Amino acid sequence: MTALSSTPTLTTARLTLRAPQAADWPHFLAFALSDRSSFVRAPDIDEGKAWRGFGHVIGMWVLRGYGQFVFHLTGQDRPLGMCGPWHPVDWPEAEIGWSVWDEGCEGQGIAQEAARAARDHALGTLGWPTAVSYIDPENHRSIRLAERLGARPDHAAAHPFADEPCLVYRHPRGAP
Amino acid sequence: MTRLDTPRLVLRHPEPGDWPAYFAYCASARSPLGVDCPEGKAWTNFAAFFGHWHLRGFGRFVLTRRDTGAAIGHAGPFRPAGHPEREITWTIWDPACEGQGYAFEAAVATRDHAFRDLGWPTAVSYIDPANTRSQRLAARLGAVIDPAARPPADFPAEVWRHRRAA
């Protein structure tokens, strides 16, 4: 296996956030092919597109030096989702993204705990001057999470999805 | 990091600095993505090169010329999820470097690498029936069309099956 080199690991009260690994692939694929990912992927998703998508997640770490972390309960291997810095080449600015792969861990504040750690990493360690999260207006769960993190809609900000509806939530500097 | 050496090329892992040359290729008429290729789509494909290496432990190499150092294409072992078999691919990015045998040189080296170092029992190349240049290269490599093999669902290609080098 070709390992990503010198990637950070973040820890929170319950979680460990680390760079993606090959063993995460089946979990990512199951999420990508499920209805749960409908807000964050193309409608014509298939195994090949999901593979490229996960390759993108890994390649981001190589190309940008940062990327989305996969998170799991500390002491357990099962990946629950991913979150963190995300900046494809044609996006107007850098994002904090999140997706919860495992439905069973919803409603426990897990995603919030992970996203907060990843957001603070971007604004702190990486020194980003600002960060947004792009959210589908129908994705109410994600909107609630953004608001709990202290992010607020920035109606003046551009988003990468052309004519599709998209809310831009801008994160505050420092913990809210 | 695996590196393959041929008489005129060094085949090395992709590097972030290859992006401008790769994108120039993607946005050219010679690429399946075509001149209207969105930058984001090329970026995703480029990022996935690194992902493939990370996930599989092998992947496609970037061809760099010994004489100029320029990155001129990619070639080698490719096995994305959803494809029926393990494949050897080759692509020249720089049109000025076509017709000089670079793709052949890289294809031989990476095919032999797949059989010798990766222990592949067999390998194919999926080639568009209209891509006569690639068909000629496959034939020069000793590959033959395998009518019983099926192509990827999203690519109605002919399946050329490789033979181990003598």
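**Where chain A meets chain B**

Mentor: In this predicted model, 25 residues of chain A are in contact with 23 residues of chain B. Together the two chains bury about 2,100 Å² between them, and 73% of that area lies on carbon and sulfur atoms. Polar contacts do occur: the count between chain A and chain B is 4 residue pairs, with both residues at pLDDT 80 or more. On the chain A side, helix 2 (residues 47-64) gives the most, with 13 residues. By type, the residues of chain A that touch chain B divide into 14 nonpolar, 7 polar and 4 charged.

One residue to look at here is His87(A), which sits in the loop between strand 4 and strand 5 of chain A. His87(A) counts as buried because its relative accessibility is 16%, and the cut-off for buried is under 20%. Leaving aside neighbours within four places in sequence, His87(A) is in contact with Met60(A), Arg64(A), Tyr66(A), Glu93(A) and Ala94(A), and also with Trp43(B) of the other chain. The side chain of His87(A) also reaches the backbone oxygen of Trp91(A), at 3.4 Å.

Chain B has a histidine to set beside it. His83(B) is found in the loop between strand 4 (71-78) and strand 5 (87-92) of chain B. With a relative accessibility of 17%, His83(B) counts as buried too. Not counting residues up to four places away in sequence, His83(B) touches Phe78(B), Tyr126(B), Pro152(B) and Asp154(B).

Now turn to helix 3 of chain A, residues 110-125. This helix has 16 residues and reaches 22 Å from its first C-alpha to its last, close to the 22 Å expected at 1.5 Å a residue. Its buried residues include several alanines, namely Ala111(A), Ala114(A), Ala115(A), Ala117(A), Ala118(A) and Ala122(A). Also buried in helix 3 are Ile110(A) and Leu123(A), along with Glu113(A), Arg119(A) and His121(A). What covers these buried residues includes strand 1 (10-11), strand 2 (15-18), strand 3 (69-73), strand 4 (81-86) and strand 5 (95-100) of chain A, as well as helix 4 (140-148). Strand 4 and strand 5 in that list are the strands on either side of the loop that holds His87(A). Just after helix 3, Gly127(A) takes a positive phi of about 75°.

Technical notes. Residues numbered from 1 in each chain as written. Chains lettered and ligands numbered in written order. Predicted model: local features only at pLDDT ≥ 70, side-chain atom pairs only at ≥ 80, totals over all residues. Heavy atoms only, no water. Helix = DSSP H or I, 4+ residues; strand = E, 2+ residues; numbered from the N terminus. Expected span 1.5 Å × (residues − 1). Buried < 20%, exposed > 50% of the residue type's maximum accessible area, 1.4 Å probe, protein only. Contact = heavy atoms within 4.5 Å. Buried area = accessible area lost by both parts, 1.4 Å probe. Polar contact = N/O pair within 3.5 Å; in protein donor to acceptor, adjacent residues only side chain to side chain. Nonpolar A, V, L, I, M, F, W, Y, C, P; charged D, E, K, R; others polar.
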